[in-house]
Amino acid sequence: MSNVGDSFRHKVYLRTVLSRGNRCIKMGKEILNGNLNFGTVKVNRSLPAIIHPVHDTSPDEYYYLSNLDQNIAVIMKTVHLYKPTEKSTDDIFPVLKESLSKVLMHYYPFAGSLTLSQEGKLIVKNDGHGVPFVEAETDSELETLGDMSIPDPDKLGELIYVDPMAKNILEMPLLTVQVTKFKCGGFSIGLAMNHCMSDGLSAVQFLNSWAEITRGLPLSNPPFIDRTIQKAREPPKIEFIHHEFTEIEDISDLDGLYKSEPIEYYAFTFDEKKLCRLKEIATEDGVVESCTSFVALTAFIWRARTVALKMIPNQQTKLLFSIDGRSRITPPLPNGFWGNAIVLACCMCRAKELVNKPLSSTVRPIQEAIKVTDDKFIKSAIDYIEITRARPSLAATLLITSWTRLGFNSSDFGWGEVFYSGSAELPQKEVVVFLPQAKDSKNIVVVMGLPGPSMKTFKDIVGQLA
């Protein structure tokens, strides 16, 4: 393997990867061991134990990561909470360590480390680095955590272990685990997972696989881990204009706004009544006959956020939203595919067009963007990355990711199903997450962060739907 300076032809890309990773490391710099406090909760952590697959199953020295994996080398932090049951948690640490070692046989790349190939691409070296596992306990009750719907790095971050010695994303473990026992008998599982290893569906697949092995069951959905099926074509062929990578000039100085005002995070609940109202507004002029709740809500959020940020009329603004390509590519990806199969659909217009026209004029391009994301588009996007090494630009951009159908709330390690799963923090200021309010509920919780004055305006706009 050559060094970074020699092998990485696009140094700007690497700096971006490292800077995003450094932000993920920031919270862990002073928590190598000892007592931690958040609010009225005190957490006692052990030193991390390094978990390896119970048997060595890695067939090659290196594990290939696709172009879709390359774009999202950031740490995805999630917290999963379990209420107390009649079953004691006295032996939960050794039980989960043992089952983690077993499940890593199926997901062995997690036990490797991130490095760079001779072509300057991210790749996993199967070097037996292992997965850090931290045991933690607190004298507090689960209820002490309060409202869990709003990402709070200062609170939820204490339930997740981040290697404090890592200087950049290449030095960070691909997966770390922290299991925290609460006084009430409940517990939490905190995962810090490199997004280049898993999209949301694959992360859920891993969690469920681990839970099944813990309960002594065979895997109901064994992972298909060969990502070479996502390789670029030879020769690469770009067949679409990929605006998701277009650089937008920030003429509204949004970056300055975010730096000058404290960011306020909030979780908005859109119940069935509000969602139906949005669909009525979107279709009332007859431009579109019908639309889904996701499309109507996405259009509304994009427009309301543009208003709240006071973008100037000629500001180009972009909407990105994730689409699962597993069934959209030909042939479809195999059942149990483990990796990143998410592609970004894109809409772009000027702020004045977004704000001054009816909601239907925003709904229609979103529907068209979903429709065009087919086999040809996905393969074109993979080839575009192969040729340009580009990353999606986020200036004057809203990026929406939906967790409403991921199924995080289905994992049962033998102590009952999880009662809450969520993100500990939003990875970028441009990101908005859609969450299910509860299992089997059609309500959607929209989690976002905005500068204080902008958040007040956004709340006022949402309040008008009541």
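## Basis of the model

Residues are numbered from 1 along each chain as its sequence is written, and side-chain values use heavy atoms, with hydrogens and water left out. Because the model is predicted, local features need pLDDT of at least 70 and side-chain atom pairs count only at pLDDT 80 or more, while totals for chains, interfaces and linings use all residues.

## The packing of α8 against α9

Helix α8 (residues 272-283) packs with helix α9 (residues 293-308) at an angle of about 80 degrees, their axes lying 9 Å apart; helices here are DSSP runs of H or I with at least four residues, strands are runs of E with at least two, and both are numbered from the N terminus. Axes are lines fitted to C-alpha atoms, for helices over the stretch in contact, and angles run from 0 to 180 degrees between N-to-C directions. The two helices α8 and α9 are therefore roughly perpendicular to each other, a term that covers 65 to 115 degrees, with angles under 35 counted as roughly parallel, over 145 as roughly antiparallel and the rest as oblique.

On the α8 side the contact (heavy atoms within 4.5 Å) is made by Leu275, Leu278 and Lys279, which meet Ser293, Ala296, Leu297 and Phe300 of α9.

Since Lys97 lies in helix α4 (residues 92-103) and Glu135 in strand β8 (residues 131-138), the pair ties together parts that are 38 residues apart in sequence. Lys97 is partly exposed at a relative accessible area of 22%, and Glu135 is partly exposed at 24%; buried means under 20%, exposed over 50% and partly exposed in between, with a 1.4 Å probe and protein chains only.

Arg326 and Asp199 also meet through their side chains in a salt bridge (3.0 Å, N to O). Arg326 lies in the loop between β12 (316-324) and β13 (342-350) and Asp199 in the loop between β10 (187-194) and α6 (200-214), so this pair ties together parts that are 127 residues apart in sequence. Both Arg326 and Asp199 are buried.

Asp460 is partly exposed, with a relative accessible area of 42%, whereas Lys456 counts as exposed at 55%.

How values were computed. Salt bridge = Lys/Arg side-chain N within 4 Å of Asp/Glu carboxyl O.
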